[in-house]
Amino acid sequence: MSDDRRRTPRWRRYLRLTRPNVREDVDDELAFHIDMRTERNIALGMSPDDARREAEQRFGDVAPLRDALVDHDVKQHARIERAELLSDLRHDVRFGTRSLLRAPGFTIAAALTLALGIGANAAIFSVIDALLLRPLPYSRPHQLVSLGFGSAGEYLALRERLRSVEQLSAWVEQTHPIDDGHETVRAEGAAVTANLLSMLGVSPAMGRGFTPQDGTVGNNFVVIISHGMWQHRFGGAADVVGRRLNIEGAPYTIIGVMPSSFSFPNKNTEYWQPYVFELRNVGIIWAVGGKKFIGRLAAGASVEQARREVRTVWPSLRRMNPLWDPGDSYGRDASVTPLQDDIVGSARALAWMLFGSVLLVLLIACVNVANLQLVRATARERELAVRAALGGGRGRLMRQLVTESVLLALCGAVLGIGVGALAIRALVAALPAGVPRADEIALSLPVLAYAAVLSIATGLVFGIVPAWRATSPKTSVGSIVGFGRRATAGPSHVGTSAALVAGEVALAVMLAVSSILLLRSFVALRSTSTGFDAENVIAARVTPPGATFHEPERLTAFYSTLLDRARALPGVRGAAAVDKLPMAQSVWGVALRIEHQFEDAKHTLPDLGHYQSVTPDYFTTMGIPIQQGRAFSDADRPGAPPVVIVSRSVARRFWPNEDAIGKRVGYPYDTLWMTIVGVVPDTKQDSLRDTLSTSVYTPWRQRSRMSGEEMWLVVRATGDPASIAASIRRIVAEADRTVAVSDVRTMNAVVDRSLSTTRFTTVLVASFAALALLLGAVGIYGVMSYLVSQRTREMGIRVALGATRSQVVRLIVSRALRLAAAGGVVGLGAALMTTRALRQWLYGVSPSDPTTLAIVAVVFLVVAVVASSAPALRATRVDPSTSLRAE
Amino acid sequence: MPRQDTGDLLQGTLGILILKSLVPSSAHGYAIARWIEDAATDVLRIEEGSLYPALRRLEDRGLVSSEWGLSENNRRARYYSITAAGRKHLRTEAAVWLRYSQAVTRVLRTEPSVT
């Protein structure tokens with residue numbers, strides 16, 4: 001590249017009418033040479049033919065020379081164009097920076113608006129990235145699939161038969177009291193088949209993994225602990241492998257420590273023990289489901305192939321069940337899903353919904369900045385017109401303005417990443433419990449890349465429309481001569497601005513509708529009756545070690561002592577225990593035989609929604625009235641006639657026209673009949689959204705053999721229940737120091753926590769909507785101010801002709817109202833179409849709830865009035881004489 | 001680029017001749033060829049086509065620049081002119097060449113004379 005070429009004056013480039021035609025130029029140049037030589041030869045006296053022949057001979061072979069020159073020139077031109085483009089870009093960036101610095105107010109306002117939009121987006125994208133985009137931290141994670149739930153028997157049969165699933169593992173969550181020699185705490189762990197860790201492709205950082213031998217009865221007292229447990233409970237001791245850890249009262253040998261990066265199924269899991277197949281116990285092997293099956297696909301097998309295979313193989317196990325016939329539909333709808341989808345679960349839809357909302361916010365921010373740009377373009381009209389007159393083509397000028405916009409967006413992105421970093425911290429802190437992979441949410445590289453791409457995209461989005469308008473030939477003509485600046489600037493710009501603001505209002509309305517729907521759902525959920533009286537009740541999870549409390553007598557004695565001590569506490573009105581506490585966990589149900597209706601276990605038995613074992617005082621302690629019959633009593637003990645209490649819906653479903661008291665029900669794999677002695681109202685069990693109203697209660701002392709040792713203590717106090725939390729911890733420790741007590745919370749807090757996801761979503765979408773509303777208001781204010789400033793002369797004339805202040809105000813405000821109304825109608829229409837996607841988060845309110853639509857409409861009209869009142873008042877202060885003279 | 005062939009001319013010499021031809025004024029390729037022909041009589045014969053690759057090389061190095069214009073007989077022709085860098089290059093190259101040829105001449109004239 002020559003220095004000379006680089007110094008070619010910029011304006012000269014615009015003189016080129018067309019791109020050079022390289023081929024033609026080379027031909028011309030060579031032909032010219034040969035022609036000139038031929039002419040000279042003729043002048044020297046040669047015949048024309050000889051003259052040309054001699055000239056060509058002197059010149060040499062033309063064809064290869066021509067090709068070489070064309071090739072050279074094509075490359076040369078490409079180089080020049082690239083260099084010019086780069087130098088243009090450098091120039092545009094310098095120019096853009098200067099022009100942004102010249103208008104600091106505009107630049108700061110625009111950059112902040114964009115920073116909010118980009119920051120909020122980066123924050124939500126970090127959730128998307130951690131939950132949905134980043135692969136699971138296991139080896140070849142795309143091959144991992146979840147096969148749903150089943151029993152140990154089903155696991156063993158499937159493991160043998162499946163071809164498309166190379167390795168199949170099973171695991172089940174465990175929560176046990178563990179004792180490291182200092183204190184007893186309840187710890188979360190998992191019992192896993194020996195092949196699980198190697199299937200995930202992760203081996204312990206210290207010690208060894210499980211061997212099949214570890215999964216057999218008697219050899220199973222080995223445990224692998226998490227990096228966290230190693231650090232916190234063993235102080236990171238180098239000799240931890242080989243030490244003892246008491247799990248549910250039994251001594252386990254630590255054989256390995258997992259790396260700190262490992263988590264399965266989640267970060268709270270502190271230990272892994274081998275799952276033991278008690279092959280002799282047919283009941284446990286075939287009747288107890290709930291084992292989670294995960295597997296690794298064979299090389300080349302797809303999820304779809306595996307699903308087809310599982311749906312043929314699983315039904316073929318029907319005859320293997322020695323206990324009952326699971327029915328015709330058995331195993332036919334077995335699911336095979338990628339493990340990642342299974343782990344993320346319902347959080348997926350939530351993440352996308354938030355992402356959609358936050359994109360709307362960004363769009364609104366873009367529209368606002370585009371509007372600011374437009375207003376500014378008017379002020380720069382002369383500058384642009386001069387540039388155009390000096391030969392700056394429209395494309396070139398637009399490129400300059402768009403470069404400026406992208407620069408602005410990049411400023412926004414830098415600030416936005418700061419905003420995003422803060423927002424991510426706040427978001428992670430506010431995240432509801434149980435969001436999978438929450439610990440992976442961070443301002444990661446993909447998030448930064450996303451913010452960068454987003455900012456350039458937004459720069460283009462909000463830059464192109466104003467640049468197009470500003471460089472429109474219509475606006476340029478005349479401005480240059482200096483006359484009629486007011487006259488030419490007016491209506492067309494205002495029109496574009498107004499259209500943009502109307503669009504902005506439409507977007508904000510969509511968000512506002514969504515947020516009010518969610519808000520109303522939240523309020524509706526909060527006021528939903530649980531069916532029990534949470535006031536003054538406190539609950540605590542009590543976990544006795546299974547190994548030492550296996551004897552029913554010991555467990556019964558322990559809980560009797562505990563309940564007696566609880567009742568003896570000052571300020572306590574009553575105490576009871578329940579195996580699954582409502583609103584704190586999934587209160588799963590049971591399939592039952594119903595006498596005279598569904599007796600044959602070979603037929604599909606009706607599923608009842610919830611199933612709990614309770615001590616006699618449970619109903620009075622929880623404030624659940626007995627509607628018919630009686631409550632349980634101490635007389636309902638082992639050996640006494642088995643009894644149950646059912647909820648109102650159960651009675652209504654099976655005995656609609658009869659008295660349910662005295663009717664009998666039974667477990668599927670048993671011959672025992674249990675008599676219904678009482679009916680209680682339906683209560684919410686899993687959550688406030690719970691729609692399964694069928695509950696069955698058994699006296700705890702007549703509990704099924706399957707129930708565990710863990711119970712929830714519920715205590716009704718006379719006053720503030722929180723004040724007896726410490727006493728509850730103390731009496732558990734006094735009753736037996738090997739028993740862990742955890743999750744001591746008032747029942748109100750438990751109910752409140754069950755709403756945490758709903759609250760989180762509602763608050764987040766509401767803040768997006770508030771942001772959108774604010775930006776919308778700023779947009780209306782901006783365009784009305786602009787309008788007023790453009791129509792100063794008109795206002796002056798109106799006032800001069802005797803218009804009153806209120807008439808002028810009404811003129812401006814009604815213009816704003818029309819703008820908001822136009823945007824609002826479009827927005828409400830769009831909201832009607834999109835809010836259906838929210839259905840799964842709504843409760844007690846329809847997606848097209850008219851009240852909500854009305855509220856939003858009113859809010860936006862009020863905002864339009866407020867936002868336009870300041871410009872309107874400014875218009876009334878126009879002094880007719882000055883404004884007319886100013887022209 | 002093919003056609004590196006410069007007839008009887010040593011590699012690199014053609015460039016110097018072209019630059020020299022452009023010192024008084026800019027010229028098109030044919031005029032350059034004529035100038036070399038006249039100045040060197042028949043001692044240095046060039047294949048005229050090889051001028052053009054040489055001109056491109058000089059242009060790439062920033063020693064000459066080109067522009068389209070009208071010829072004396074009103075035809076579109078590409079005119080080459082020497083740049084400031086080209087003049088400087090010509091001065092140093094010419095000095096080197098002169099020193100070199102003087103040295104060779106001196107060697108050839110020493111006894112026993114070959115001529």
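Chain B comprises four helices and three strands, and its elements follow one another from the N terminus in the order α-β-α-α-β-β-α. The structure is a predicted model, for which the scores are ipTM 0.86 and pTM 0.72. Within chain B the average pLDDT is 83, and 83% of the residues reach a score of at least 70. An exception is found over residues 1-8 of chain B, where pLDDT stays under 50 and where the model has 22 contacts beyond four places in sequence. Where pLDDT is low, the predicted coordinates should not be read in detail.

Of the 115 residues in chain B, 31% are buried. When contacts in chain B between residues at least 6 apart in sequence are considered, 55% of them join residues at least 24 apart. Ser50(B), which is 29 residues from Tyr79(B) in sequence, lies 17 Å from Tyr79(B) in space, C-alpha to C-alpha.

Chain A contains 28 helices and 23 strands. For its 887 residues the globule rule gives a radius of gyration of 29 Å, whereas the value for chain A is 39 Å, well over that figure, so chain A is more spread out than a compact globule. The C-alpha trace of chain A spans about 135 × 90 × 55 Å along its principal axes. Buried residues account for 42% of the 887 residues of chain A, and, among contacts in chain A between residues at least 6 apart in sequence, 83% join residues at least 24 apart.

In one of them, helix 26 (residues 805-834) of chain A and helix 27 (residues 850-876) of chain A have axes that come within 8 Å and cross at roughly 145°, and the crossing of helix 26 of chain A with helix 27 of chain A is right-handed. The contact of helix 26 of chain A with helix 27 of chain A consists, by class, of 20 nonpolar, four polar and one charged residues. In the other pair, the axes of helix 19 (residues 552-568) of chain A and helix 22 (residues 725-735) of chain A come within 10 Å, with a crossing angle of roughly 145°, and the crossing is again right-handed. Helix 19 of chain A contributes Phe558(A), Thr561(A), Leu562(A), Arg565(A) and Ala566(A) to this contact, while helix 22 of chain A contributes Ile728(A), Ile731(A), Val732(A) and Ala735(A). By class, the residues of the contact of helix 19 of chain A with helix 22 of chain A are seven nonpolar, one polar and one charged.

The contact between the chains involves 19 residues from chain A and 20 residues from chain B. On the side of chain A that touches chain B, the elements giving two or more residues are helix 1 (3-6), helix 3 (22-43), helix 4 (48-59) and helix 5 (62-102) of chain A. The residues of this side of chain A comprise eight nonpolar, four polar and seven charged.

Terms used: Residues numbered from 1 in each chain as written. Chains lettered and ligands numbered in written order. Predicted model: local features only at pLDDT ≥ 70, side-chain atom pairs only at ≥ 80, totals over all residues. Axes fitted to C-alpha atoms, helices over the stretch in contact; angles between N-to-C directions. Left-handed = near helix turned anticlockwise from the far one by under 90°. Nonpolar A, V, L, I, M, F, W, Y, C, P; charged D, E, K, R; others polar. Contact = placed C-beta atoms within 7 Å. pLDDT = per-residue confidence, 0-100. Rg over C-alpha atoms; globule rule 2.2 N^0.38 Å. Buried ≥ 20, exposed ≤ 12 C-beta atoms within 10 Å, placed from the backbone.
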